[in-house]
Amino acid sequence: MSREKGKRGEREWARCCRDNGYDCRRTSQYCGQSGDASDVVGLPGIHQEVKRVERLDLYGAMLQAKRDAKRGEIPIVAHRKNDHRWVVIMDAEDWFALYGAWEGQR
């Protein structure tokens, strides 16, 4: 049951990315056919760990994302629980780097 909910969450997140203009898709798990441990692929430079649960172990999820991210990728956790919108969780250091790059483009 929880594995199916995880798959549904990954498909939902990929659809959210596509709805926002990014060609993302769910990938094979455990470095399967794609060789990528991300739950969803299509955001270059971002390792996407997707959690569709009511109670998130935030730091455990971030540790998993960091462990599975390739060198040079920014690990994020995309999370949603029932009746809530998607949120993206990341290290403050990475967030400030992205914000600084955005601010420099303004």
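Okay, let's start with D91: at 27% relative accessibility, this residue counts as partly exposed. Keep in mind that we're looking at a predicted model. D91 pairs up with K66 in a salt bridge, with 3.0 Å between the closest N and O atoms. K66 sits in helix α2 and D91 in the loop between β5 and α3, so this contact ties together parts that are 25 residues apart in sequence. K66 is partly exposed too, at 39%.

How many salt bridges does the structure hold? Seven. One of them joins the side chains of E12 and R80, at 3.0 Å from N to O. That pair links distant parts of the chain, with E12 in helix α1 and R80 in the loop between β4 and β5, 68 residues apart. Both E12 and R80 are buried. Then there's R67 with D68, where the closest N and O atoms are 3.3 Å apart. R67 is exposed at 60%, whereas D68 is partly exposed at 23%. And through shared partners, E12, R52 and R80 end up in one salt-bridge network.

Back to helix α1, residues 2-19, which is also where R15 is placed. R15 belongs to a positive surface patch along with R8, R11 and R18, and its relative accessibility is 42%, so we call R15 partly exposed.

Now, cysteines. There are zero disulfides here. For C16, the nearest cysteine sulfur is that of C17, 5.8 Å away. C17 is buried at 5%, while C16 is partly exposed at 23%.

Definitions and conventions:
Residues are numbered from 1 along each chain as its sequence is written. This is a predicted model: local features need pLDDT of at least 70, side-chain atom pairs count only at pLDDT 80 or more; totals for chains, interfaces and linings use all residues. Side-chain values use heavy atoms; hydrogens and water are left out. A disulfide is a pair of cysteine sulfur atoms within 2.5 Å. Buried means under 20% relative accessible area, exposed over 50%, partly exposed in between (1.4 Å probe, protein chains only). Patches are made of residues with over 30% relative accessible area and no salt bridge: like charges are joined within 9 Å, nonpolar side chains (Val, Leu, Ile, Met, Phe, Trp, Tyr) within 5 Å. Accessible areas come from the Shrake-Rupley method with a 1.4 Å probe; for residues, only the protein chains shown count as cover. A salt bridge is a side-chain nitrogen of Lys or Arg within 4 Å of a carboxyl oxygen of Asp or Glu. Lys and Arg count as positive and Asp and Glu as negative; His and the chain ends are not counted. The place of a charge is taken as NZ of Lys, CZ of Arg, CG of Asp or CD of Glu. Helices (H or I, at least four residues) and strands (E, at least two) are DSSP runs, numbered from the N terminus.
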